[in-house]
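Here's a structure to look over together.

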Amino acid sequence: MSRVGKKTIPLPQGVDVKIDGQKISVKGPKGNLDRVIHPATTVKSENGVITVLPVDESYENRKFHGLTRSLVNNMIIGVSEGFTKTLTLVGVGYRAAIKGNELNLSLGYSHPIDFPIPEGLDIKVDKQTSVIVSGCDKEKVGQTAANIRAFRKPEPYHGKGVRYADERIITKAGKSAGKK
């Protein structure tokens, strides 16, 4: 059995879970999430605790035990607390702004980049060089932050680009560093 999958998931106050066969719906103060879980696992809710169990102990079914437990746990955390990713823009003239339902980015290209804000997510700009992506779906928050970062990844010589706030860029020495 999976070590992660064995752990039970406590339900926080104000979170409602409905299980209908392989479909699980979680409702909380931050929003609603639905997901169809893999048929190799079953989810049970009893006395404010959710348990994920494999259908049987075959290798194929055990593979999805911990994964399903993590996905359900992330749904519950998302609707109760939410998830955030912070991006930092590093470079001369790099800035961000919100215009309507779009994130406008100036990243050193000859044109501005207009990124449409996905449904169900909240994007805020702090000090023009910090972008905060937040929402209840961990997968959607992470993918949106990765899509914004992909417009201008940090380069290794000066460290310019869009990076995660907790990301550390190791810069390389330039061409003349090796000569004496």
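Q: What makes R149 part of a helix, and which one is it in?
A: R149 lies in helix α4, which covers residues 138–149. A helix here is a DSSP run of H or I with at least four residues, a strand is a run of E with at least two, and both are numbered from the N terminus. The model is predicted, so local features need pLDDT of at least 70 and side-chain atom pairs count only at 80 or more, while totals for chains, interfaces and linings use all residues. Residues are numbered from 1 along each chain as its sequence is written, and side-chain values use heavy atoms, leaving out hydrogens and water.

Q: Why is R149 called buried?
A: R149 has 17% relative accessibility, so it counts as buried (under 20% relative accessible area; exposed is over 50%, partly exposed in between, with a 1.4 Å probe and protein chains only).

Q: Which residues does R149 touch, leaving aside neighbours within four places in sequence?
A: R149 is in contact with L87, P154, V162, R163, Y164 and E167, where contact means heavy atoms within 4.5 Å.

Q: How many helices and strands does the protein chain have?
A: The protein chain comes to four helices and 13 strands.

Q: How do you know how the protein chain compares with a compact globule?
A: Its radius of gyration is 21 Å, whereas a compact globule of 180 residues would be near 16 Å. The radius is taken over C-alpha atoms, and the globule rule is 2.2 Å times the number of residues to the power 0.38.

Q: What share of the protein chain is buried?
A: Buried residues make up 34% of the 180.
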